[in-house]
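This note records points on a model passed on for comment. Please read each point beside the coordinates.

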Amino acid sequence: MSRTALRICPLCEATCGLTLTIEGTAVTGARGDRDDVFSRGFICPKGASFGAVDGDPDRLRTPLVRRDGELCEATWEEAFDAVAAGLRPVVERYGPNSVGVVLGNPNVHTVAGALYPPILMAGLRTRSVFTASTVDQMPKHVSSGLLYGDALAIPVPDLDHTDHLLLIGANPLESNGSLCTAPDFPGKLKALKARGGTLTVIDPRRTRTARLADRHVAIRPGTDALLLAAMAYVLFEEDLVALGELAPHVQGVGELRAEVRDFTPESVADACDVDAGTIRALARELAAAPTAAVYGRIGSCTVPHGTLASWLVDVLNVLTGNLDRPGGALFPQAATDKTPRPAGPGHGFALGRWRSRVSRHPEAKGELPLSALAEEIDTATAEGEPIRALVAVASNPVLSAPDGDRLDKALGSLDFMVSVDPYLNETSRHAHVVLPPPPPSQSPHHDFAFNTLAVRNQVRYTRAAVPLEPGRMAESEILARLILAATGMHGADPAAVDAMVVDQTLGKAVEEPHSPVHGRDPKELAAQLTGVSGPERRLDMMLRLGPYGDGFGVRPDGLTLEKLLAHPHGIDLGPLKSRLPQPLKTVSGKVELLPAPIAGDLPRLREALRHRPDGLVLVGRRHLRSNNSWMHNVPALTGGSNRCTLHIHPQDAERLGVRDGAAVRLKGAGGEVTAPAEVTDAVRPGVVSLPHGWGHDRPGTRLGHAATDPGVNVNQLLDGSLLDPLSGNAVLNGVAIEVSPVSEKITALT
């Protein structure tokens with residue numbers, strides 16, 4: 001007999017509410033939850049395929065331990081014994097930095113992935129930390145840190161109320177939104193147009209989002225910062241700067257004006273391949289709109305000036321008075337945010353507190369560039385020990401980082417590697433121990449990260465829809481036991497990890513004068529926490545201490561876990577509101593519009609005015625039915641438009657002798673790949689596009705469906721040497737590439 005259960009979708013950043021149909025313990029259907037306070041029934045193809053993702057037969061069900069060179073099924077006890085025996089000797093002999101930690105994108109989609117990795121890294125005391133952020137959004141974290149003093153203070157466009165939305169390097173009709181959590185992003189853009197608003201898209205591809213736009217500007221890839229700087233110039237030159245109520249909270253406007261004087265529309269037009277008149281029109285339209293928001297995403301982050309482009313997105317919002325006002329770009333307030341502190345100066349944000357051992361890359365937000373992982377393993381220097389052991393959690397850097405072939409070899413040389421992953425993929429196949437978490441239906445869900453980026457304040461939590469299968473272990477327990485094994489406490493009760501966090505958090509809270517529990521007994525507070533598990537008790541604690549919480553009885557109407565559980569479709573906390581100056585943690589207590597690291601990088605941008613690359617340049621692309629490398633094993637989410645093909649403009653195809661469907665060879669600094677051509681005017685001339693996350697053709701994996709149509713790894717074309725210097729982010733877009741036809745036809749595109 002079937003039943004239904006609610007679940008928040010963990011398959012992308014939109015966080016839509018689902019209603020699952022369950023037969024026994026199998027999810028047989030998924031539809032949008034019409035009563036969900038945030039998504040209101042919206043669902044995309046990924047959410048509709050929840051059951052297929054959840055029940056993928058290639059998901060690992062038991063731990064694997066390497067014996068005599070082969071990965072074999074093992075008990076959980078054997079697996080954690082092997083972790084302790086493999087990691088601790090490395091730490092004790094070579095020091096904490098000899099153990100690397102790599103965190104992948106799926107971490108932010110699970111409760112355990114949000115709560116436990118910070119404890120693991122603190123317990124290991126390693127500085128060898130790498131995440132997917134440095135092949136994605138790290139420039140935005142760095143620019144926010146420099147502007148606002150907090151790398152996590154990222155303003156999002158007020159999609160429901162803005163009159164004018166300018167998107168640069170973003171394709172939310174395919175991605176569903178990113179660093180802007182918004183179920184039904186397509187519907188919100190259509191509603192914007194229906195109420196008379198304007199949508200402008202700046203993108204070298206005529207994406208589905210661009211086709212919806214009132215104005216599409218096909219910029220030359222990699223020149224986003226130049227165009228945005230020229231728009232800022234126009235605002236100053238034509239006296240269109242109007243900070244309004246922002247003025248008391250901003251410093252550095254005059255200095256900024258002097259710094260952008262070289263970026264006239266005429267001077268950047270040739271490099272951007274956008275005429276000066278269009279650039280001036282973009283600036284004027286932005287300034288003239290009653291409310292407006294500029295929003296940039298991965299296309300403007302993964303370029304040579306990614307941090308400058310991310311900074312200039314917010315600069316334009318500031319100069320037009322649209323930062324921190326309804327209809328502009330606002331700072332969300334998540335229910336699990338820390339207790340709001342009084343407004344005032346903070347400690348600010350620092351870059352380069354340490355550097356990588358080999359290429360001396362500066363850290364950003366506590367991380368080193370993922371591009372540097374291979375050399376940190378395979379290169380000896382006098383600066384310290386190389387990475388000899390690796391902990392990889394929900395990460396597949398062989399496909400997500402540049403030069404996967406080199407990293408593939410480097411991983412094979414490690415003394416020890418443990419991977420927390422549901423699949424034996426291109427990276428986890430190198431592990432000595434693989435610890436598989438259960439499928440999402442058997443796990444609870446709360447969006448700790450994405451609620452801090454949501455376009456409406458709300459809070460939702462769903463418990464596991466299906467009981468934990470016999471022989472499975474909850475992801476929270478897996479990570480807690482991993483922490484204990486890695487930090488010399490193997491065999492201790494995993495509940496001790498959560499208890500330690502609760503004790504430390506409440507101990508600090510009672511000492512903070514602005515906390516609602518100031519001066520109280522932390523043990524008495526801990527006794528009030530509810531929940532059936534450690535993670536639930538921690539969620540209850542965070543809700544109670546948060547901006548909407550009950551303060552452990554201080555505000556009787558405030559949030560608690562019990563109240564949230566009584567509202568299975570979530571609790572609406574209202575639209576985004578103006579919050580400045582409270583979110584600011586800069587030393588000045590103001591928005592610092594021209595931070596010193598930014599000013600120091602502007603000469604490099606001026607140098608870019610002199611360069612216009614010859615030949616073809618490469619950009620990536622997103623697929624609606626995919627998310628990086630971890631959904632290609634689901635038949636329902638592959639095929640159709642979700643294919644690893646090279647998009648090339650008809651003019652370039654004719655010039656190079658490339659036929660639609662024929663094999664083409666792509667050559668870059670990191671190597672060569674061969675893919676089928678798809679001739680289309682969806683890309684502008686001079687640009688080719690290949691999606692990322694493919695390349696499922698390595699031996700030793702267990703991805704049966706993905707291997708039938710493996711595609712190629714676009715990041716193999718990169719050698720990892722191109723980075724945005726401020727953030728360490730890999731340059732993945734606007735990269736020079738050579739394309740040539742090969743003789744045989746790979747596949748017909750029909």
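1. Basis of the values. The model is predicted, with local features requiring pLDDT of at least 70, side-chain atom pairs counting only at pLDDT 80 or more, and totals for chains, interfaces and linings using all residues. Residues are numbered from 1 along each chain as its sequence is written, and side-chain values use heavy atoms, with hydrogens and water left out.

2. The sheet. Helices (H or I, at least four residues) and strands (E, at least two) are DSSP runs, numbered from the N terminus. An open sheet is built from four strands in the order E11-E10-E9-E13, with parallel pairing; two strands pair if DSSP finds at least two bridges between them. Its edges are strand E11 (215-217) and strand E13 (293-296), each of which pairs on one side only. On average, neighbouring strands of this sheet are turned by 15° against each other, direction ignored. Axes here are lines fitted to C-alpha atoms, for helices over the stretch in contact, and angles run from 0 to 180 degrees between N-to-C directions.

3. Bridges of E9. Five bridges pair strand E9 (residues 164-168) with strand E10 (residues 198-202) in the parallel sense. E9 is also joined to E13, in parallel, by four bridges. Ile168 takes part on both sides: Ile202 stands opposite in E10, and Gly296 is the bridge partner in E13.

4. Side chains of E13. Ala293 and Tyr295 point one way from E13, Val294 and Gly296 point the other way, and all are buried. Buried means under 20% relative accessible area, exposed over 50%, and partly exposed in between (1.4 Å probe, protein chains only).

5. Helix H13. H13 lies across E9, E10, E11 and E13, and runs at about 135° to E11. Contact means heavy atoms within 4.5 Å. The 13 residues of H13 (residues 276-288) should span 18 Å at 1.5 Å a residue, and the end C-alpha atoms are 18 Å apart, so the two agree; the expected span is 1.5 Å times one less than the number of residues. Its N-terminal end is capped by Asp275, with a side-chain oxygen 3.1 Å from the backbone nitrogen of Gly277. A polar contact is a pair of N or O atoms within 3.5 Å; within protein, one must be able to donate a hydrogen and the other to accept it, and residues adjacent in sequence count only if both atoms are side-chain atoms. Among the buried residues of H13 are Ile279, Arg280, Leu282 and Leu286.

6. Aromatic pairs. The structure holds three aromatic pairs. In one of them, the ring centres of Tyr148 and Phe331 are 5.1 Å apart and the planes stand at 90°, so the pair is edge-to-face. Rings of Phe, Tyr and Trp (its six-membered ring) pair if their centres lie within 6.5 Å; planes under 30 degrees apart count as stacked, over 60 as edge-to-face and the rest as tilted. Tyr148 belongs to helix H6 (residues 138-148) and Phe331 to the loop between strand E14 (329-330) and helix H16 (373-378), 183 residues apart. Both residues, Tyr148 and Phe331, are buried.

7. Trp76. This residue is found in helix H3 (residues 76-94). Trp76 has a relative accessible area of 10% and is therefore buried. A polar atom of the Trp76 side chain lies 2.8 Å from the backbone oxygen of Gly471.

8. Arg220. This residue is found in the loop between E11 and helix H10 (224-237). With a relative accessible area of 9%, Arg220 is buried. Leaving aside neighbours within four places in sequence, the contacts of Arg220 include Asp270, Asp273, Arg612 and Arg684.
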